[in-house]
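Dear colleague,

Please find the structure below, together with its sequence. I would be grateful if you could look through it before reading the notes that come after it.

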Amino acid sequence: MLIIKEIDFKYISMLLYIVRRILQIIPVIIGVTLLLFTLLYVIPEDPARLILQKGATEQALENLRVKMGIDKPLYVQYWRYVKQLARGDLGTSYRYRRSVNSILAEHYPNSIKLAFVAIIIEIIIGIMAGIISAVKKYTFWDTLVTVSTTLAVCVPVFWLGMMLQVIFGLKLGILPMSGMGDGSIRYYILPAIALASVSTAFVARMTRSSMLEVISNDYMTTAYAKGLSNFKVIGKHALKNALIPVVTLIGLDLGALMGGAILTETVFSWPGVGRVIYLAILQRDAPVVIGGTLILVFIFVFMNLIVDILYAWLDPRIRYHKREINV
Amino acid sequence: MILNMNPDRKRKKDDLEVINEIIIEKKYARSSLYKDAWRRLRRNKLAMLGLAIVIILIMIAIFAPFISPYDPIERIKEESSVSPNGAHLFGTDLLGRDIFSRVIYGSRISIQVGIIAVGISALIGLFFGAIAGYFSNISDAVIMRVADIFFAFPYILGAIAIMTILGPGIVNIFIAIGVLGWAAFARIFRSSILSIKNKEYIEAARALGASNYRIIIKHIFPNAMAPIIVYATMNVGTAIIVEAALSFLGIGVQPPTPAWGKMLSESLDYIDIAPWMMLFPGMAIVITVLGFVLLGDGLRDAFDPKLK
């Protein structure tokens, strides 16, 4: 009877936490749309002029303004924008006269595939490097990992991409320099490495410090005392406990990778959503820039939510205290 | 108080006397948080390397006209895309401009953006952080929710959105990066205020009749600054990378002004015929950011040795 009550309590507190966390998102979403609306419709030059180019008559401009509704007061425009967003409509591109939704939908799969490969690199290389430097603390390997993770944080993604292109594409000629080609894995390798570099460094550092903390626990000594092999102790006992914070970091990264995609996709001419946003910037096509940004922010916020909920599930203390985001 | 509860102590030296002796012996008589931190920082080789890089860079930025051998925007037609040699240390670009001089002048943009943009973030952040932390009530809730909105933007994405609208130019870069960064400063400052505002010395100041303003400026501020200094130093590196990214995307500093990110985007189409065009500006960014990161890491360890 008592056990059932405890389980009930766990579920109820979890449910309350999820509800509270979702309620917290609402003002964030409203704020983001308000901010982007301001950027999109209030500050820039006359969109009618952008669409009709030079030489348009004043009458034609006025007609288009009325058609687009930008002659109305701002709050009317905002309400219209929110209603439009609520229907899932991101507006129409100034340049292509196509809906932003269809433009983004066309390119999103390519970005997600690239991010997926980047996450795999991050998990394999980041966690391996972290484990090695923790287990072989203060050796050559540890120093190597520490130095390269520090450097990786300082290297701009786009410059790393260009260097990879020159070294592997141009000088060695073993990998394609840009584009998606026929979509084979060879085309993914260089952009994925560039995209994953900074996150891999963070994963490696996080794994290292988390492993060091776990290794110093008494149950690790016990495991060794039982006569277990080094591999078993590290692999079975330490890793399981050390990886919880790392997993959440990787979850948060999905959102951050989307931001990095703009630079990586530009350097590698990758036909993803990042490149679409970049081209739209050059053409001053605000609805595409803002629509693309909005989707990326939504993904970021949503991943944050999932990570927080996962974290609360794994660590009950969180449910009572707000988790401070590490900056 | 607690120490004196032991009756044996009466026979020995007074605790205060012992402490005073230690202080005089070790010459820490006028020791403060900042002096201690500086002492620890000086012993940290990597941090001193970072500090040296930062100081040298600032010097290069200030004395750019005296260091650079050529005018950074002057085009020498006969010497277009020359590979590095004695006359042009880093070679020239397609328009015949000396890359060494352009890298030297580029440091001005990066250092300016790093310091001014982070300064703007810090000022806004400290102001709202102080209000949120000290008067924790409705204003706290409102400010922190607004901060959440800013946290919802990946840094680079927000900067791109703002620059697209404001248009290119260095002043707009200050604004975009400066405005985006305030939330982290506010959050850090708020939490350090929360942790010290109930300490005894603040209560003592209040008992003496000090005004809120005086308490914040004279007592809380100096004691809450350490994490802000650390974060600001690291943030300068981030701001420099974001500026380079914006200029790379063509929405930052405009030509012909030499900026490292812009130089990289100009070299993008010629990496097969003139790879030196991309090598040197990129290395300049890496070394600069590394300097601030190493200094920031060192400051963190110096202010809080327990964290190490």
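The notes below describe what was found in the structure.

Please bear in mind that this is a predicted model. The average pLDDT of chain A is 79, and 85% of its residues score at least 70. One stretch of chain A calls for caution: over residues 321-327 the pLDDT stays under 50, and the model has seven contacts there beyond four places in sequence. Where pLDDT is low, the predicted coordinates should not be read in detail.

The two chains meet through 38 residues of chain B and 39 residues of chain A. On the side of chain B that touches chain A, two or more residues each come from helices H6 (138-151), H7 (155-166), H8 (170-196), H10 (212-248) and H12 of chain B. By type, the residues on this side of chain B divide into 30 nonpolar, four polar and four charged.

The axes of H6(A) and H12(B), the latter covering residues 276-303 of chain B, come within 8 Å and cross at roughly 115 degrees. Their crossing is right-handed. From H6(A), Thr150(A), Val153(A) and Cys154(A) meet Val286(B), Val289(B), Leu290(B) and Val293(B) of H12(B). The residues of this contact comprise six nonpolar, one polar and no charged.

The largest nonpolar core has 158 residues, of which Ala159(B), Ile160(B), Ile177(B) and Ala245(B) touch the most other members. Leaving aside residues up to four places away in sequence, Ala245(B) touches Pro156(A), Phe158(A) and Leu263(A) as well as Ile156(B) and Gly261(B).

Two residues of chain A deserve a separate remark on their backbone. Most residues other than glycine have a negative phi. Tyr138(A), although not a glycine, has a positive phi of about 65 degrees. Tyr138(A) is placed in the loop between helix H5 (100-135) and helix H6 (140-154) of chain A. Tyr138(A) counts as exposed because there are 9 other C-beta atoms within 10 Å, and the cut-off for an exposed residue is 12 or fewer.

Ser269(A) is likewise not a glycine and has a positive phi, here of about 45 degrees. Ser269(A) lies in the loop that joins helix H10 (230-267) to helix H11 (273-282) of chain A. With 13 C-beta neighbours inside 10 Å, Ser269(A) is partly exposed.

With kind regards

Notes
Residues numbered from 1 in each chain as written. Chains lettered and ligands numbered in written order. Predicted model: local features only at pLDDT ≥ 70, side-chain atom pairs only at ≥ 80, totals over all residues. pLDDT = per-residue confidence, 0-100. Core = buried A, V, L, I, M, F, W, Y, C linked by C-beta atoms within 7 Å. Buried ≥ 20, exposed ≤ 12 C-beta atoms within 10 Å, placed from the backbone. Helix = DSSP H or I, 4+ residues; strand = E, 2+ residues; numbered from the N terminus. Axes fitted to C-alpha atoms, helices over the stretch in contact; angles between N-to-C directions. Left-handed = near helix turned anticlockwise from the far one by under 90°. Nonpolar A, V, L, I, M, F, W, Y, C, P; charged D, E, K, R; others polar.
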